[in-house]
Amino acid sequence: ARSNGKRGAVSQVVTDRGRGEAEDRDSRGFGGQDRGRSGDEAKMSYSRYRSRSRSVDSSDVENPGNNLFVTGLSSRLTDRDLEKHFSTEGEVIDASIVLDPWTRESRGFGFVTMATLKEAERCIKYLDRSVLEGRVITVEKILLTAAG
């Protein structure tokens, strides 16, 4: 193979160009932070940003006990059907069935929020192991824990 004096110059330009692009990417920092920050400074800034962006601090979350977790739901069931079933034991604030994000089909469980703790306890007592749309459902209290 023939040696060409230009070959070294071309590889030097390619190497410098590649390094320049990498430096540009790194200098932007994680999450589009300002140029010139070190990796540690960018990470610290990002974690501070994340903690401020939460709308509700986990230590402020209260669980009055009126939130119920319902499993064993039929795929044919609608939010309205679930609400109707639970309204036999009290006022339903919210009833929602969890759907698969891609198929939009029921995942077989949902959540019901009753107006009072007493009504929620009545639902657990009388609707747990009840039959809804030909399926036996389970009703449990949701236990929220504050993560530190």
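Visitor: In which sense do S2 and S3 pair, and over how many bridges?

Guide: Strands of a sheet pair through backbone hydrogen bonds, either parallel or antiparallel. In this predicted model, S2 and S3 are joined by six bridges and pair in the antiparallel sense. One example is Ser 96, whose bridge partner in S3 is Phe 111.

Visitor: How many residues lie between the strands in the hairpin of S2 and S3, and which residue there takes a positive phi?

Guide: That hairpin has six residues between its strands, and Arg 104 takes a positive phi near 60°.

Visitor: In what order do the strands of the open sheet stand?

Guide: The order is S2-S3-S1-S6, four strands with antiparallel pairing. Strand S2 (92-99) and strand S6 (138-141) are the edge strands, as each pairs on one side only. On average, neighbouring strands of this sheet are turned by 20° against each other, direction ignored.

Visitor: How many bridges join S1 to S6?

Guide: S1 and S6 run antiparallel and are joined by four bridges. Among the residues involved, Phe 69 has Glu 140 as its bridge partner in S6.

Visitor: Which helices pack on the sheet, and which strands do they touch?

Guide: Helix H3 (residues 79-86) packs on the sheet and touches S1, S2, S3 and S6. The direction of helix H3 makes about 140° with that of S2. Helix H4 (residues 117-127) also packs on the sheet, touching S1, S3 and S6. For helix H4, the direction makes about 145° with that of S6.

Visitor: Over how many bridges do S1 and S3 pair?

Guide: S1 and S3 pair over five bridges, in the antiparallel sense. Within this pairing, Thr 71 stands opposite Phe 109 in S3.

Visitor: How is a pair of aromatic rings described?

Guide: Two quantities are used: the distance of the centres and the angle of the planes. This structure holds three aromatic pairs. One of them is formed by Phe 69 and Phe 111, with 5.5 Å centre to centre and 40° between the planes, and this pair is tilted.

Visitor: Why does the pair of Phe 69 and Phe 111 tie together parts that are 42 residues apart in sequence?

Guide: The reason is that Phe 69 lies in strand S1 (residues 67-71), whereas Phe 111 lies in strand S3 (residues 106-114).

Visitor: What is the geometry of the pair of Phe 109 and Phe 111?

Guide: Phe 109 and Phe 111 form an edge-to-face pair, with 6.1 Å centre to centre and 90° between the planes.

Visitor: Why does Phe 109 count as partly exposed?

Guide: A residue is called buried under 20% relative accessible area and exposed over 50%, with partly exposed in between. Phe 109 has 22% relative accessibility, so Phe 109 counts as partly exposed. Phe 69, at 25%, counts as partly exposed, and so does Phe 111, at 32%.

Visitor: Where does Val 136 lie, and what is in contact with this residue?

Guide: Val 136 lies in strand S5 (residues 135-136). At 42% relative accessibility, Val 136 counts as partly exposed. If neighbours within four places in sequence are left aside, Val 136 is in contact with Thr 71, Gly 72, Arg 129, Ser 130 and Val 131.

Visitor: How far apart are Val 136 and Gly 72 in sequence and in space?

Guide: Val 136 and Gly 72 are 64 residues apart in sequence, and their C-alpha to C-alpha distance is 6.3 Å.

Methods. Residues numbered from 1 in each chain as written. Predicted model: local features only at pLDDT ≥ 70, side-chain atom pairs only at ≥ 80, totals over all residues. Heavy atoms only, no water. Phe/Tyr/Trp six-rings, centres within 6.5 Å; stacked < 30°, edge-to-face > 60°. Helix = DSSP H or I, 4+ residues; strand = E, 2+ residues; numbered from the N terminus. Buried < 20%, exposed > 50% of the residue type's maximum accessible area, 1.4 Å probe, protein only. Pairing = 2+ DSSP bridges. Axes fitted to C-alpha atoms, helices over the stretch in contact; angles between N-to-C directions. Contact = heavy atoms within 4.5 Å.
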